[in-house]
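Colleague: Please walk me through the labels on this model. I want each one set against its cut-off.

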Amino acid sequence: LHPHCAALYPTKKLVPGFQPDYLETIGISKTVREDLIRAPVGDPGTPVGAGLSSEAAVELGLPVGLPVAAGMIDAHAGGLGTLMAKPPQASALVSTEASKRCCLIAGTSMCVMMTSANAVPIPGLWGPYFSAMVPRMWLTESGLTTTGAFVDVVLRSHLAYPQALREAGAELNTTCVPPASVHSLLVATVEGLAKTKKTMSGGAAYGLGLTETLHTTTDVHGNRSPYGDAEMRQVLAGGALDATVEGLARAYLSALQAVGYALLDILKRAESNGHPPIEVLSMCGGLTANPLFVQCVADVTQRPVLVVKDADAALLGAAMCGAAAASCVDSKTNCTQADGASALSRLIVEMAQEAELVQPDRSGVCVDFHTRKFKVYSLLLQTGWEARRLMEERDASG
């Protein structure tokens, strides 16, 4: 439902709410109630009605009339709580312009959100949607169908996974999500291999050369962005008969890098179609607990990453909206959309949490390695499409 919800928000026309012509085009105009189509839509941070009703107040144990802000999609709330994250120390190297930051919510999948002052339609990405997340700015949304789920598939399908479970002190259950102890074991193994093998170093002291002959795409469950192709599947090159934990560690590193290449593909698509250059990645979600993953993203994209760890970003974004509605109600009897937007724009910055700053390895060795690997990644995508085309061909004679 998420993309369909977003698609109903105003795009080219600045008319908020459900778009009757869109509902007609997709054939569901008869199934949506007329009062819902014409219902008012509040911008983020806008107070709703007279606040909490007496019935809701009793059920929640809160005061009647408590200001209530217009709701939003959970990912958008996470975007608000992540967008303007602050580095530990003020740095001129980290842009504070919202349009030059990209929000990443990285977990089982990845939601990728960018904002701009002007509408920038980008093929393969959703939007732009006016005032859907940041007040008075256009939201462009995209994402990866599988990130953490893709890494899980790589681990569980490897011959050495049972051994890794044993070494990590975990139960031998190949159907469950790999425990944190396995990830810790593999991160340590990658770092150990980088030192003992004396491979090229990069970022967090891991060996770039460990994956020089191992390449993969991430699309084990179709591609959400930038291709919107539900039939895409993983393409792997360089697999070997290696049943060791060290071999699993190489596959693990290759998978983390591949997520970075898939993200870079989205960023390149956005910038090549006119979106303001993205200079900073603001990230939250379960995968941020993995320092190797974060460093891979920074190195592959060659952008600093601000990692929000101390707060639930979606809850923080919702709190920002609630605080905006409350401040608006406190200051005026009749609040307008503009009042709520102004309050939220201020609070996004004031309530932003401090984040860990992870810088990319800008050495020539690292940049060259990932440039070449991204070319291989792109080649694998082309190979996958060509393979499908060949297998779907029909004999002209019938």
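Predicted model: local features only at pLDDT ≥ 70, side-chain atom pairs only at ≥ 80, totals over all residues.

Colleague: Why is α8 called roughly perpendicular to α9?

Modeller: Helix α8 (residues 180-196) and helix α9 (residues 245-272) pack at about 95°, with axes 9 Å apart. Roughly perpendicular covers 65 to 115 degrees; under 35 is roughly parallel, over 145 roughly antiparallel, and the rest oblique. Therefore α8 is roughly perpendicular to α9. Axes here are lines fitted to C-alpha atoms over the stretch in contact, and angles run from 0 to 180 degrees between N-to-C directions. The helices are DSSP runs (H or I, at least four residues; strands are E, at least two), numbered from the N terminus.

Colleague: Which residues make the contact?

Modeller: From α8 they include L185, L186 and V190; from α9, among them, L248, Y252 and L253. Contact means heavy atoms within 4.5 Å. The contact residues divide into 10 nonpolar, two polar and two charged. Nonpolar means Ala, Val, Leu, Ile, Met, Phe, Trp, Tyr, Cys and Pro; charged means Asp, Glu, Lys and Arg; the others, Gly among them, are polar.

Colleague: What makes R388 and D229 a salt bridge?

Modeller: Their side chains meet at 2.8 Å, N to O. The cut-off is a side-chain nitrogen of Lys or Arg within 4 Å of a carboxyl oxygen of Asp or Glu, so the pair qualifies. R388 sits in helix α13 (residues 364-392) and D229 in the loop between β7 (215-216) and β8 (236-237), 159 residues apart.

Colleague: Why is D229 called buried, and R388 partly exposed?

Modeller: Buried means under 20% relative accessible area, exposed over 50%, partly exposed in between (1.4 Å probe, protein chains only). D229 has 15%, so D229 is buried. R388 has 26%, so R388 is partly exposed.

Colleague: How many salt bridges are there, and what does R389 pair with?

Modeller: The structure holds 10. R389 meets E386 at 2.6 Å, N to O. R389 also bridges E393, the closest N and O atoms being 2.6 Å apart. E386 and R389 both lie in α13, three residues apart, about one turn of the helix.

Colleague: What makes E393 partly exposed?

Modeller: E393 has 46% relative accessibility, so E393 counts as partly exposed. R389 gets that label at 41%, and E386 at 36%.

Key
Residues numbered from 1 in each chain as written. Heavy atoms only, no water.
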